[in-house]
Amino acid sequence: MNIRKFFKDDTLDGLLKHLAIMVGILLFICIVYFYIYLPHLTHHDETVEVPALIGLKPDEMDKTLREHKLRYSVSDSAYTDTLPPLSVLRQFPVAGATVKENRMVLISLNRISPPTLPMPDLTDGSLVNAKAVLKSNELKLGRTFYEPSPFKNLVREFRYHGKPIAAGTRLPKGSIIDLIVGDGFGPADFAIGNVMGDAYETALRKLSGWNLHLGRVEIMEGADTTGAIPFVFKQFPLSGDSVRVGDPVDLWIAPKGYKEPEKGNEENP
């Protein structure tokens, strides 16, 4: 065959042959690039299974990941008392996932010491409520001690390491709190607590916890409670007075910061 005649380009047939050859060469290059070169470059089909890392110490984790041809990066830290300090707490991708070699695995480590949080106020609340509040604040209920009181299961005090603590004291997360509650068999008479200075709704919750009823509610002279949160300015019986279960308690309310007007002496004409 005469090659020069075959590739003669001054005819339509020669032009089509040139185009066919160019398309063939381009197709060959695409096949080599996408099916041979690119898979080799990106390690196509070369995958590994992510190992389980939770609970491993850093040196153990590093060794395990190297054996699986994977890398890691510490993304954050948190705390739990169920794992050793500085061990792996969380991982992504999770164990068992299939990934490519050299993939980055994100790690969360367990803190050395637990974070602290303020002790919630459980006084004058029920035992059921105290359990729920402790759980929601990631604290643990320890022992429950009962003392003579007419209010059954009313929290009278809370302790940490056997010592009474005040609400707001910062404690390590997961601390064990002991509760002192009423047994329901105490004396009928008891000293009423203080509600003066409390918000009105707070005072109502206290009275309910003490098994006392709300008596008269009066607004202090000259006080405007419209649109304001009312606070208790006076109470009767007074704090420390002896009362019985079911007794009424009278309250005088006013906005926060209210000052009772001074009564001047009347002048003679």
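Tutor: Let us begin with a definition: a nonpolar patch is made of residues with over 30% relative accessible area and no salt bridge, whose nonpolar side chains are joined within 5 Å. Please keep in mind that this is a predicted model.

Student: Which residues form a nonpolar patch on the surface?

Tutor: The patch consists of Ile21, Ile25, Leu27, Phe28, Ile29, Ile31, Val32, Tyr33, Phe34, Tyr35 and Ile36, and together they have about 1100 Å² of accessible area. One of them, Ile21, lies in helix α2, residues 12-42.

Student: Why does Ile21 count as partly exposed?

Tutor: Its relative accessibility is 37%. Buried would require under 20% and exposed over 50%. The value for Ile21 falls in between, and therefore Ile21 counts as partly exposed.

Student: Why is Ala130 called buried?

Tutor: Ala130, in helix α4 (residues 127-136), has a relative accessible area of 1%. The cut-off for buried is under 20%, so the term applies to Ala130.

Student: What does Ala130 touch, leaving out residues up to four places away in sequence?

Tutor: Ala130 touches Leu122, Val155 and Leu179. Val155 is 25 residues from Ala130 in sequence, and their C-alpha atoms are 7.7 Å apart in space.

Student: Why are the buried residues of α3 said to line one face of the helix?

Tutor: The buried residues in α3 (residues 58-67) are Met61, Thr64 and Leu65. Seen down the axis of α3, they fall within an arc of 95°, so they line one face. A general rule applies here: an α-helix has 3.6 residues a turn, so residues three or four places apart point the same way.

Student: Which residues are exposed on the other side of α3, and what covers the buried ones?

Tutor: Asp59, Lys63, Arg66 and Glu67 are exposed on the other side. The cover over the buried residues includes strands β2 (71-78), β3 (88-92) and β5 (104-110). After α3 comes Lys69, with a positive phi near 55°.

Student: What makes Gln235 a buried residue?

Tutor: Gln235 belongs to strand β14, residues 230-236. Its relative accessible area is 2%, and buried means under 20%, so Gln235 is buried.

Student: How do you know that the side chain of Gln235 makes a polar contact with Gly193?

Tutor: The side chain of Gln235 reaches the backbone oxygen of Gly193 at 3.3 Å. A polar contact requires a pair of N or O atoms within 3.5 Å, so the distance meets the limit.

Student: Why is Glu138 called partly exposed?

Tutor: Glu138 has a relative accessible area of 44%. Because this lies between the 20% and 50% limits, Glu138 is partly exposed. Glu138 also has a positive phi of about 60°, although it is not a glycine, and is found in the loop between α4 and β7 (140-147).

How values were computed
Residues numbered from 1 in each chain as written. Predicted model: local features only at pLDDT ≥ 70, side-chain atom pairs only at ≥ 80, totals over all residues. Heavy atoms only, no water. Helix = DSSP H or I, 4+ residues; strand = E, 2+ residues; numbered from the N terminus. Buried < 20%, exposed > 50% of the residue type's maximum accessible area, 1.4 Å probe, protein only. Contact = heavy atoms within 4.5 Å. Arc of directions from axis to C-beta. Polar contact = N/O pair within 3.5 Å; in protein donor to acceptor, adjacent residues only side chain to side chain. Patch = residues over 30% accessible without salt bridge, like charges linked within 9 Å, V, L, I, M, F, W, Y side chains within 5 Å. Areas by Shrake-Rupley, 256 points an atom, 1.4 Å probe, with all protein chains shown as cover. Salt bridge = Lys/Arg side-chain N within 4 Å of Asp/Glu carboxyl O.
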